[in-house]
Amino acid sequence: MSKIVLITGASSGIGAATARRLAAGGHTVVLGARREDRLAEIAKAIEADGGTADVRRLDVSDRRNVTAFVDEAADRHGRVDVLVANAGVMPLSRLDALLVDEWERMIDVNVRGLLYGIAAALPHFKRQGFGHFVTVASIGAHQVVPTSAVYSGTKYAAWAITEGLRQEMDPSIRVTTISPGVVESELADSITDPGAREMMRAYRANSISPDSIGDAIAYAVGQPPDVDVNEIIIRPARQR
C-alpha cells in the first residue's frame, strides 16, 4: 500500500536517503528542511525515477512551522500515514567548553523539534485511526562518550519520548525508534570545538551509508498493521 510519508531533515544524509528509498518503494514523500534548494534537487531526482515528492521549507524548532508542514500535507494528500522525525544537529563539545548556545540549539532541534512533530501529527493519526511515528535517535541514546554529554542527553530524551509515546498509544498507531551508529552525513560539520572535531574525525573512520538507515526505516514502515517494529539499532560492524 502506498503511504504518505513526511520526513524532516530531508535535505541530506539519512533524511535524503530515506526519501529516495521510500519513493522508490511507491510511497509519496513530503520533504521538509531549511535548505529548499537541496530539497528541490532531491525531489527532482525522485520524480525523474518515477516517484512522487513534495517539498516544504521547514524549521523544526518553530512549532507553528511544524504544524503547518503536517496540516498542509494532510490537506494536499488527504491523510498523513507516517512522520519520520529525522531532523537533528550534533555540535559536540566538552561541557567545560561552555558552548551554551550550541547546547540550546541541540535541545531546540533534537527534542523540541520531535515534540512539535508529535503534537502536529497525533491529531491526524487519532482522527484517521492509524499512523506511524518513526524517530531517528542515535547510538548516543545508549552510550555517552567525552564531548557527547548534551547530544547524548537529547538523543536519550528522543528515545524516552518515543518509547513513552509507544506505550501510551492505541495499537492502531505504531511507533518506531531508529538508533544509527556512525553514518556518512553532514552532522559532524556543525562541530566548532577543535578538540571535539578531532575526536570525531577519528571516531568516524568507520561509517556506513545513510542508505542503510533508509532501508531500516523502509522495513519498519512496510510491515503489516499488526506488526510494530519498536526499535532498530544499526551501526558499522566495526563500531563497538
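A residue counts as buried when its relative accessible area is under 20%, as exposed when it is over 50%, and as partly exposed in between. The legends below apply these cut-offs to a predicted model.

Figure 1. When neighbours within four places in sequence are left aside, the contacts of Thr28 are Ser2, Lys3, Ile4, Val5, Thr52 and His77.

**Figure 2. Strand β6 is largely enclosed by the rest of the structure.** This strand spans residues 173–180, and eight of its eight residues are buried. In a regular strand the side chains alternate between the two faces of the sheet. Both faces of β6 are covered. On one side lie Ile173, Val175, Thr177 and Ser179, and on the other Arg174, Thr176, Ile178 and Pro180, all of them buried.

**Figure 3. Strands β5 and β6 run parallel.** Strand β5 is made up of residues 131–136, and six bridges join it to β6. One of the residues to look for is Gly131, whose bridge partner in β6 is Ile173. Ile173 is also among the buried residues of β6.

Figure 4. Apart from neighbours within four places in sequence, Asp108 is in contact with Ser61 and Gly113. Thr154 is 46 residues away from Asp108 in sequence, while the C-alpha atoms of the two are 9.4 Å apart in space.

**Figure 5. The whole chain, as context for the close-ups.** Seven helices and seven strands make up the secondary structure elements of the chain. Their order from the N terminus is β-α-β-α-β-α-β-α-β-α-β-α-α-β. The C-alpha trace spans about 50 × 40 × 35 Å along its principal axes. A compact globule of 240 residues would have a radius of gyration near 18 Å, and the 17 Å of this chain agrees with that. Of the 240 residues, 51% count as buried. Among contacts between residues at least 6 apart in sequence, 72% join residues at least 24 apart. The accessible surface of the chain is about 11,200 Å², and carbon and sulfur atoms account for 50% of it. The chain carries 27 positive and 30 negative charges, whose mean positions are 2 Å apart.

Notes: Residues numbered from 1 in each chain as written. Predicted model: local features only at pLDDT ≥ 70, side-chain atom pairs only at ≥ 80, totals over all residues. Heavy atoms only, no water. Helix = DSSP H or I, 4+ residues; strand = E, 2+ residues; numbered from the N terminus. Rg over C-alpha atoms; globule rule 2.2 N^0.38 Å. Buried < 20%, exposed > 50% of the residue type's maximum accessible area, 1.4 Å probe, protein only. Contact = heavy atoms within 4.5 Å. Areas by Shrake-Rupley, 256 points an atom, 1.4 Å probe, with all protein chains shown as cover. Lys, Arg positive; Asp, Glu negative; His and termini not counted. Charge placed at Lys NZ, Arg CZ, Asp CG, Glu CD. Pairing = 2+ DSSP bridges.
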